[in-house]
Amino acid sequence: MNEQIERIKKDLKELLSDYRYEHSLRVGETSKELAHIYHIDEEKAYLAGLIHDIAKEFTKEQNEAIMKRNRQTIDKEENPRINHAIVGAVYAKEKYHLDEEIIHAISSHTIGDIPMSTLD
């Protein structure tokens, strides 16, 4: 798992601004700490927190390409500040083959979902 985390961090460093990268590292660590308190899988929480903003700085064209490649749709009129969660989840599933719990947590981090798990 350490190799995967290092790969993800390397990718985030390339994809995100320094500010957003540092934010993602902090969210990953905070997620892990909260997981410990709430007795849920710390590794899954760390990964979801680390990756949650992976698509935050993608262009509209990148978002559309990712969704099309994965046979998904996105509401083009929806606020990009919300769309990044959905696109990020699709991208993370495609690139890192993470389990559905982590993907759902990434997908729902902007506006939530019904139902939501403790990991979400």
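Trainee: Is the crossing of H3 and H6 left-handed or right-handed?
Mentor: The crossing of H3 and H6 is right-handed, where right-handed means that the near helix is turned clockwise from the far one by less than a right angle, and left-handed that it is turned anticlockwise. Before going on, keep in mind that this is a predicted model, in which local features need pLDDT of at least 70 and side-chain atom pairs count only at pLDDT 80 or more, while totals for chains, interfaces and linings use all residues. Residues are numbered from 1 along each chain as its sequence is written, and side-chain values use heavy atoms, with hydrogens and water left out.

Trainee: And at what angle do H3 and H6 pack?
Mentor: Helix H3, residues 42–51, and helix H6, residues 100–107, pack at an angle of about 40 degrees with their axes 9 Å apart. The helices are DSSP runs of H or I with at least four residues, numbered from the N terminus (strands are E runs of at least two). The axes are lines fitted to C-alpha atoms, for helices over the stretch in contact, and the angles run from 0 to 180 degrees between N-to-C directions.

Trainee: Which residues make the contact?
Mentor: From H3 the contact uses Lys44, Leu47, Ala48 and Ile51, and from H6 it uses Glu101, Ile102, Ala105 and Ile106, with contact meaning heavy atoms within 4.5 Å.

Trainee: Asp99, then: how accessible is it?
Mentor: Asp99 counts as partly exposed because its relative accessibility is 31%; buried means under 20% relative accessible area, exposed over 50%, and partly exposed in between, with a 1.4 Å probe and protein chains only.

Trainee: How many salt bridges does the count come to?
Mentor: By this rule the count comes to eight, and one of them joins the side chains of Lys95 and Asp11 at 3.7 Å, N to O. Lys95 in helix H5 and Asp11 in helix H1 (residues 2–15) are 84 residues apart, so this pair also links distant parts of the chain.

Trainee: Are those two buried or exposed?
Mentor: Asp11 counts as buried at 11% relative accessibility, whereas Lys95, at 26%, counts as partly exposed.

Trainee: What about Arg69, which partner does it have?
Mentor: Arg69 forms a salt bridge with Glu94, with the closest N and O atoms 2.7 Å apart. Arg69 lies in helix H4 (residues 60–69) and Glu94 in helix H5, 25 residues apart, and they are partly exposed at 46% for Arg69 and 27% for Glu94. Elsewhere, salt bridges that share partners join Lys44, Asp99 and Glu101 into one network.

Trainee: Changing topic, which residues have a positive phi?
Mentor: Among them are His39, with phi near 55 degrees, and His97, where phi is also near 55 degrees. Most residues other than glycine have a negative phi, and most peptide bonds are trans.

Trainee: Where do the two histidines lie?
Mentor: His39 lies in the loop between H2 and H3 and is exposed, with a relative accessible area of 73%. His97 is found in the loop between helix H5 (80–96) and H6 and is exposed as well, at 65%.

Trainee: And which peptide bond is cis?
Mentor: The bond from Ile114 to Pro115 is cis, with omega near -5 degrees, and Pro115 lies in the segment after H6.

Trainee: One more: what makes the nonpolar surface patch of about 330 Å²?
Mentor: Leu34, Ile37 and Tyr38 make that patch. Patch residues have over 30% relative accessible area and no salt bridge, like charges being joined within 9 Å and nonpolar side chains (Val, Leu, Ile, Met, Phe, Trp, Tyr) within 5 Å. The areas come from the Shrake-Rupley method with a 1.4 Å probe, and for residues only the protein chains shown count as cover. Ile37 sits in helix H2, residues 18–38, and is exposed, with a relative accessible area of 52%.

Terms used: A salt bridge is a side-chain nitrogen of Lys or Arg within 4 Å of a carboxyl oxygen of Asp or Glu.
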